[in-house]
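Welcome to this guided tour. Please open your viewer, get ready to select residues by number, and follow along stop by stop.

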Amino acid sequence: MCGIVGYVGQRKVGDVLLKGLSRLEYRGYDSTGVAYFKGAHIEVKKSEGKLRNIEEMVKRDPSADRLQCGIGHTRWATHGRPTTQNAHPHRTNHIVLVHNGIIENFESIRADMIKLGHSPASETDSELFGFLVLEEEKKGTDFPTSVQNAFRHLEGACSVVVMSEKQPGLIVGVRNGSPLVVALDPQGGAVFASDAQPLLEYTREVFFLEHGDMAIGSEKGITFRDIRTGKEVKREKTLLDWSADKLDKQGFPHYMLKEIFEQPLTMVDTLNGLLDRARTDPFPMAQQPGLAILEKAEEIIFIACGTSWHAALLGKYWLERWAGIPVSVELASEFRYRDPVVRRGTVIIGISQSGETADTLAAVNDMRRRGIPTMAICNVRGSTMSREVDATFFTSAGPEVGVAATKTFYAQMLAVFIMAGYLGLRRGRDTASKIPHIFQQLLKVPHMLESQLQQDGKFVKQIKEVAKRVVAQKGFFFVGRGYSFPISLEGALKLKEIAYVHAEGYAAGELKHGPIAMLDEDMAVVVLAPKDGWHEKTVSNLQEVKARGARIIGIGNPDDDKMKRFSDEFIPLPMPVGGESLDESLYPFLLAPAIQLLSYEIALLKGTDIDQPKNLAKSVTVE
Ligand code: AGP
């Protein structure tokens with residue numbers, strides 16, 4: 001959940017650490033800190049709050065050493081409040097460290113360390129690791145070996161990166177669970193980070209540490225050890241296809257807006273990654289690993305959290321209709337603590353943009369250990385989930401910096417859509433006969449959307465105007481049926497997480513089973529009703545809402561006069577120019593940008609921190 005960066009080499013360490021942390025703030029931003037060598041001494045600068053609180057301190061006090069070496073951290077608090085005292089790096093005598101993840105046995109370690117005469121200065125579990133290293137050093141081992149042996153005492157998923165004043169120019173990083181990535185600086189030296197983004201500044205060739213790996217970085221390069229055996233090991237490089245320019249805001253006020261606008265490109269990239277566009281017949285699926293597993297599936301269980309869970313729900317609709325496969329959609333945090341009954345022939349598919357979400361990882365791994373075939377839909381090559389499952393469908397959304405998932409959701413929808421289309425045709429079901437035609441239409445969606453997703457475009461301007469008129473509503477319901485139901489859930493989640501407004505997503509038919517009691521003129525109901533098989537039913541639900549005086553924001557086809565008449569505000573979906581109709585299964589790809597932009601514009605008017613909403617983190621690597 002926290003962000004880690006480390007550097008040893010010839011570049012200015014303060015600059016490398018600050019730049020790296022700015023790439024990692026999405027992982028947590030309760031407090032920030034850096035530590036770097038000044039001569040034989042390690043200087044620690046830290047503060048509660050965001051990176052900007054330490055920026056000046058670091059710039060005013062650069063290290064002038066020939067060899068530049070330091071570590072940095074951005075924290076999302078788990079053990080101990082978000083104070084300066086609890087901020088990382090933590091110093092214990094000559095040992096200085098940063099940590100990501102949770103030390104589950106921290107209470108017993110803390111008690112043991114206090115018995116041995118140590119006095120923790122913070123409330124964190126992280127600081128205790130420094131005492132463990134000191135204790136190991138007393139046994140006469142060198143610095144890296146002491147870190148290695150200290151790490152063996154820890155229970156739980158975490159990674160640590162450590163420096164010692166007795167070994168200037170050396171950075172030792174250990175991983176067990178929480179991700180850690182390292183790379184060689186082409187100018188000499190090594191860079192460490194908790195994900196690949198900060199490394200892209202310097203290289204696209206990175207090493208993802210395995211569980212139980214240690215990386216020792218110096219100006220000479222990086223060596224790897226297996227901490228269980230203590231022996232040196234070789235690790236393979238991964239070549240990342242992300243370029244650093246994708247990481248900048250490119251003139252947008254927020255990453256979230258930029259990422260919403262990048263969705264047509266995401267669609268193209270993901271289609272190119274998953275389909276063989278040179279083939280048309282019978283289905284242009286590229287040779288994905290895992291096709292053999294999928295083809296044999298008699299049942300599918302999707303496991304995911306948050307937005308990824310919404311993408312999975314859509315998968316259920318598409319797969320059941322086209323492929324006739326029973327599909328269950330499970331919340332990872334519930335599934336892993338239940339006693340799920342999984343029939344033979346079931347395939348487990350974890351959906352996670354990061355591939356690092358603790359609950360999803362654990363739930364999928366439990367199934368893998370039971371011998372059930374496991375797959376993933378994931379946006380990050382080299383992520384833990386993608387390396388642990390039998391096969392992964394990679395989405396190609398590129399790095400997503402905004403904490404609210406937008407383009408990665410888009411890519412996940414597309415991945416499950418492609419799975420469903422492929423399996424439908426393979427199984428030769430009647431309902432699948434339209435699939436080739438639908439896929440031809442799908443290929444037009446990116447072009448259509450790109451022309452609408454322009455800051456000064458009509459679609460965006462209309463949503464901006466609607467947002468101004470509804471921003472004062474006390475609460476929001478997002479309702480829809482069929483494919484629009486998961487998008488309703490996603491709309492409510494987006495509004496909650498970035499605008500801090502109470503919102504609920506509901507199946508439109510469920511309103512009258514309780515929530516309708518809450519409706520009055522202070523409430524807004526966003527009705528997602530494109531012209532699909534559920535349209536008439538949703539419109540009649542809309543009338544129930546209207547009778548209770550709630551403010552209705554309709555989202556539908558531009559030519560839907562009925563919807564326009566019944567809605568107080570109406571958002572027309574982007575549609576093909578020339579009035580060509582689209583298959584109903586494609587509507588989620590048009591609805592998603594509408595609900596994302598509505599939430600974005602409301603948040604903008606409320607003045608919230610859109611890219612880094614309070615209390616959240618991008619990658620939830622704790623339970
Ligand atoms: C989405 O906007 C959220 N920030 C969150 O619900 C997210 O989708 C969830 O934490 C799952 O993340 P993952 O896809 O990386 O597993």
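This is a predicted model: local features need pLDDT of at least 70, side-chain atom pairs count only at pLDDT 80 or more; totals for chains, interfaces and linings use all residues.

Residues are numbered from 1 along each chain as its sequence is written, and side-chain values use heavy atoms, with hydrogens and water left out.

**Stop 1: around Asn365**

Asn365 sits in helix α11, residues 358-369 (helices are DSSP runs of H or I with at least four residues, strands are runs of E with at least two, and both are numbered from the N terminus). Now show the side chains of Arg368 and Glu388. The Asn365 side chain makes a polar contact of 2.7 Å with that of Glu388, and another of 3.0 Å with that of Arg368. A polar contact is a pair of N or O atoms within 3.5 Å; within protein, one must be able to donate a hydrogen and the other to accept it, and residues adjacent in sequence count only if both atoms are side-chain atoms.

**Stop 2: the ligand**

Next, select the ligand and the residues around it. There are 15 of them, and the closest are Ser308, Ser352, Ser354, Thr357 and Glu497 (a residue counts as near if one of its heavy atoms lies within 4 Å).

- From a polar side-chain atom of Thr357 to a ligand oxygen atom: 2.4 Å.
- From a polar side-chain atom of Ser354 to a ligand oxygen atom: 2.6 Å.
- From a polar backbone atom of Gln353 to a ligand oxygen atom: 2.8 Å.

**Stop 3: a pair of helices**

Colour helix α9 (residues 306-323) and helix α17 (residues 484-499), whose axes lie 9 Å apart at an angle of about 170°. The axes are lines fitted to C-alpha atoms over the stretch in contact, and angles run from 0 to 180 degrees between N-to-C directions. α9 is therefore roughly antiparallel to α17 (angles over 145 degrees count as roughly antiparallel, under 35 as roughly parallel, 65 to 115 as roughly perpendicular and the rest as oblique). Residues of α9 that meet α17 include Trp309, His310 and Tyr317, and among those on the α17 side are Phe485, Ile487 and Glu490 (contact means heavy atoms within 4.5 Å).

**Stop 4: Glu43**

Move to strand β3, residues 41-48, and pick Glu43. Glu43 counts as buried because its relative accessibility is 19%. Its side chain makes a polar contact of 3.4 Å with the side chain of His41. Leaving out residues up to four places away in sequence, Glu43 touches Val34, Ala35, Tyr36, Lys38, Asp61 and Arg91.

**Stop 5: backbone details**

Most residues other than glycine have a negative phi, and most peptide bonds are trans. Zoom in on His88 and Pro89, which are joined by a cis peptide bond with omega of about -5°. Then go to Asn93, where phi is positive, near 50°. Finish at Tyr500, in the loop between α17 and β22 (503-507); its phi is also positive, near 55°, and Tyr500 is partly exposed at 32% relative accessible area.

Conventions:
Buried means under 20% relative accessible area, exposed over 50%, partly exposed in between (1.4 Å probe, protein chains only).
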